[in-house]
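Work through the exercises below with the sequence and the model side by side, and try each task before reading its solution.

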Amino acid sequence: MKVRFYSAVLSLALIGTNVSVDATSKEDLLKEQQEVESRLKETERSQNQTSEKLILTKQERKEARAQLNEVNSRLDDLALKIADQQAAVAASKEQLRLTEAAISETLKELHQQEELLGSRLRAVQQKGDVKYIEVLLDAKDFGDLISRFSTVSEIIKQDDHVLQAYKGNVKQLSEQRSEQALLLESMKREQRKLLVLQTRIIAESELKRKLVVQLNTKVKELQQEQFSKAEEAEILADQRRLIQNELIALQEAERKAKEEAKRKAEEAARAAEAKRQAEAAEEARAAEAKKKKSDAPSAEPTIPEVESPTATPEQPADAVTSRPFHLPVQGYVSSPFGPRNNPLTGKPEIHKGIDLVNAKGTPIHAAAGGIVLRAGSATGYGNVVMVTHLIDGQVYTTVYAHLDSISVSAGQTVMPGKTVGTLGTTGWSTGPHLHFELHKGEWAVGQPNAVDPAPYIF
């Protein structure tokens with residue numbers, strides 16, 4: 001990852017300062033590094049827990065699906081049985097109809113026989129007896145008697161045969177109708193049992209189906225949570241790499257500062273030695289000149305020269321360089337920092353940034369100079385750019401979310417006012433706006449470092 005911006009800032013900070021300033025910056029970075037390491041471990045542990053829950057939920061869903069398939073298979077088998085039973089009931093109804101039709105036909109034939117046999121057969125049917133002796137007594141002679149006796153015997157046999165056949169047919173058909181009616185009622189009872197069982201299995205199938213739907217929803221939620229945890233871990237890992245690079249830059253700047261201080265000290269020592277040697281030579285020349293003058297005739301007294309003090313440049317007073325954050329985009333604030341009802345869910349929450357409304361495609365500018373930590377898509381944020389800043393020894397992170405497009409890349413150094421993307425409505429958004437966050441420190445899971453950007457922007 002590029003660290004030109006931080007390196008430049010640190011190099012400027014090292015000029016004219018001592019190592020204690022560097023040590024303070026280094027201690028701050030080491031502290032930030034420990035915090036990021038701790039958050040990263042917590043995120044990884046949470047991610048592992050989510051993965052375990054996801055595995056268990058998928059196994060539970062697999063078992064529920066198997067149970068649902070088994071119930072549906074039972075339901076299919078039962079549907080076939082019900083269809084067979086319905087066909088049997090229909091066949092039994094048809095058989096009963098045919099039996100009743102046969103009884104009606106038999107009764108019709110017997111009625112025709114009754115008309116042929118006349119009143120005598122009706123008397124037999126009604127009284128069960130006929131005085132056939134009167135027929136015999138009306139015989140004229142013995143031959144006629146024998147003839148009449150044979151005729152009467154034959155009539156008696158025929159009458160009895162017709163009567164028995166009639167009774168037999170009626171009894172047989174009545175029994176068939178009773179049996180068929182009993183069979184039909186039994187089939188209907190069995191069909192009702194199957195229908196009741198079908199209702200129970202359908203209810204069981206619906207419960208299993210609802211369970212599978214619930215487990216599907218839970219799996220999706222866990223997958224989304226796992227994805228979010230992975231994104232969070234990725235951001236924290238990026239921050240860890242950034243801090244490591246900054247520590248390396250600090251160490252390199254410290255090494256160069258020490259080398260520069262050593263070089264200056266050596267140059268000062270050489271300058272001091274040269275000055276001492278020059279002064280010694282000057283003193284020697286002055287002594288020699290004095291001796292020559294003392295030996296020469298007296299002259300006007302000389303006034304000793306007084307060495308004027310060397311002018312030194314004034315050291316500039318330490319100036320506090322102000323590095324304010326600037327408004328990333330013009331627009332009205334539709335939702336300030338603090339408590340509100342989430343516009344998507346309606347549930348109360350703490351809004352961790354401010355929403356600035358403007359037209360889609362409006363350029364978004366970096367609120368201060370820094371290094372791009374992340375540039376891409378993230379859950380909820382949509383297209384997002386995160387920039388890390390080092391201002392007056394304090395680490396800040398700014399977040400520009402719901403972007404329509406991104407014009408920077410991770411690791412890139414940006415100056416204040418640099419265009420990082422365009423305003424949009426990606427992610428969990430209800431309309432075109434910039435969701436802007438300011439974190440005092442690194443971005444962390446749950447956004448514990450988020451502060452109200454309003455006091456920092458002007």
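**Exercise 1: a hairpin**

In the hairpin formed by E2 and E3, six residues lie between the strands, and Gly346 has a positive phi near 80°. This is a predicted model, in which local features need pLDDT of at least 70, side-chain atom pairs count only at pLDDT 80 or more, and totals for chains, interfaces and linings use all residues. Residues are numbered from 1 along each chain as its sequence is written, and side-chain values use heavy atoms, with hydrogens and water left out.

Task: find in which sense strands E2 and E3 pair, and over how many bridges.

Solution: begin by locating E2 at residues 338-341 and E3 at residues 348-351; strands are DSSP runs of at least two residues (E), helices of at least four (H or I), numbered from the N terminus. The two strands pair in the antiparallel sense over four bridges, where pairing requires that DSSP finds at least two bridges. As one example, Asn341 has Pro348 in E3 as its bridge partner.

**Exercise 2: a histidine in a strand**

Task: decide whether His439 is buried or exposed, and list what His439 touches.

Solution: first place His439 in strand E11. Its relative accessibility is 0%, and therefore His439 counts as buried (buried is under 20% relative accessible area, exposed over 50%, partly exposed in between, with a 1.4 Å probe and protein chains only). Next, leaving out residues up to four places away in sequence, His439 touches Val395, Tyr396, Thr397, Val399, Gln447, Asn449 and Ala450, a contact being heavy atoms within 4.5 Å. Finally, the side chains of His439 and Glu437 make a polar contact at 2.8 Å; such a contact is a pair of N or O atoms within 3.5 Å, one able to donate a hydrogen and the other to accept it, and residues adjacent in sequence count only if both atoms are side-chain atoms.

**Exercise 3: the largest core**

Task: name the residues that touch the most other members of the largest nonpolar core.

Solution: this core has 24 residues, and those touching the most other members are Phe325, Ile364, Val385, Tyr400, Val420, Leu434 and Phe436. A nonpolar core is a set of buried Ala, Val, Leu, Ile, Met, Phe, Trp, Tyr and Cys residues joined through side-chain atoms within 4.5 Å. Strands E4, E7, E8, E10 and E11 each give two or more residues to this core. A second, separate core has nine residues, including Leu373, Val384, Ala401 and Trp443.
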